[in-house]
Amino acid sequence: MLRSSCLLFALVSVLGCGQDGTQMPPPGNPPPNNPPPPPQNGIQLASPAFTLNPGDEVFKCWFTSIASDTDIAAVKFSSEMTPGSHHFIVFTTAQAQRPDGTFEDCQGVGGTGINDTPVWLYAAQDPHNELNMPAGVAMPLKAHQPLIFNMHYLNTTQSPMTVQVWVNLDYATGGYQKAGAFVTFNTMISIPPGGTQTVGGNCSVPAGIKFFTMSTHSHKRTTDAMAARYLNGQVGEVLVNTTDWEHATVSKWGDPYLTLAPGEQIHYECSYRNTTTQTITVGESANTNEMCMAVGYYFPATANSFCLNSYSFQR
């Protein structure tokens, strides 16, 4: 379990909005020249800006909190990233792990135990990204909720870049059903030099839930990443399939939402081709490591659902 705590903090995913029942990559909108306007009923979170030098690949963590004296719930997340931002993920924790405003390298950042493991909340990989909850559904957050931004920056140009991300949270104004996150992560990646590999797992989900979006996350050696129904040892209907790792496919369902039959699970799987002379293993770097994930949102939820390889648990 402690091993899973460390790995969950490394989880990265990308979710956007497509047509109901369709699969599509998130739009590659250009990054903002100026900060986006804050929501009329909500909050804007802006990470510190800094200079990213040519060739640098860094993971920066920013610690902040929700500036609200009362519990709130988010009905929409939207974000903007400058060039040089590869992706970012926002985590919640039960207790603040650093003073608000702390900005540092992410190595060694994690919970004090399984009960305070950072829990995935929202992530993005494209310059502009949005996640809208269905009508009457929201993500609850407590007053002064501690947050950790885990930001991956990569400068492949010959010039320095000033990098930054912004996240807007729109607040719910009435009653709602709670949304939860479904996150998978595979630790078994070991792609031999010049070779191929496929990894995956089968994951249980809470009974009676309704998925409204699902996507995948992997890195540059990926030839295919997918999630599908799984029942009685058989892979069934494909729910999402990605062949362009930089712009992961997103599936979205409206009413009727995606539901699973009794005993049915989610199967996730990634296939890779390694053209290097080094073994590629699991890790955060988009250049030298790989990942295999399926990520979704669902309701009604009592907790978030995690699946490490094929081991499922809730938190």
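Start with Cys292: it is buried, because its relative accessible area is 0%. Buried here means under 20% relative accessible area, with a 1.4 Å probe and protein chains only. Its partner is Cys270, with the sulfur atoms 2.2 Å apart. A disulfide is called when two cysteine sulfur atoms lie within 2.5 Å. The torsion about this S-S bond is about 90°, so the link of Cys270 and Cys292 is right-handed. Cys270 lies in strand β22 and Cys292 in strand β25, so the pair ties together parts that are 22 residues apart in sequence. Cys270 is buried as well, because its relative accessible area is 1%.

A word on the source. This is a predicted model; local features need pLDDT of at least 70, side-chain atom pairs count only at pLDDT 80 or more, and totals for chains, interfaces and linings use all residues. Residues are numbered from 1 along each chain as its sequence is written, and side-chain values use heavy atoms, with hydrogens and water left out.

How many disulfides does the structure hold? There are 3. Cys203 bonds to Cys307, S to S 2.1 Å. That link is left-handed, at -80° about the S-S bond. Cys203 sits in β17 and Cys307 in β26, so parts 104 residues apart in sequence are tied together. Cys61 and Cys106 form another, with sulfur atoms 2.1 Å apart. This one is right-handed, at 115°. Cys61 is in strand β4 and Cys106 in the loop between β7 and β8, so the bond ties parts 45 residues apart in sequence. Counting bonded cysteines along the chain, the pattern is 1-2, 3-6, 4-5.

Strands, by the way, are DSSP runs of E, at least two residues, numbered from the N terminus.

Now the sheet. It is open, with 5 strands in the order β7-β4-β11-β6-β8, paired antiparallel. Strands pair if DSSP finds at least two bridges between them. β7 and β8 stand at the edges with a single partner strand each, so one side of each has no neighbour in the sheet. Between β6 and β11 there are 7 bridges.

Last, the lining of the largest cavity. Which strand gives the most to it? β11 does, with 3 residues. Leu147 is among the lining residues, along with Phe63 and Arg98. By class, the lining has 5 nonpolar, 3 polar and 2 charged residues. Nonpolar means Ala, Val, Leu, Ile, Met, Phe, Trp, Tyr, Cys and Pro; charged means Asp, Glu, Lys and Arg; the others, Gly among them, are polar. A cavity is a set of points on a 1 Å grid over the protein atoms alone where a 1.4 Å probe fits but cannot get out, and lining residues have an atom within 4 Å of a point.

Conventions:
On a 1 Å grid over the protein atoms alone, a cavity is a set of points where a 1.4 Å probe fits but cannot get out, and a pocket is an open set with protein on both sides within 12 Å along at least five of seven lines; lining residues have an atom within 4 Å of a point. Helices (H or I, at least four residues) and strands (E, at least two) are DSSP runs, numbered from the N terminus. Buried means under 20% relative accessible area, exposed over 50%, partly exposed in between (1.4 Å probe, protein chains only).
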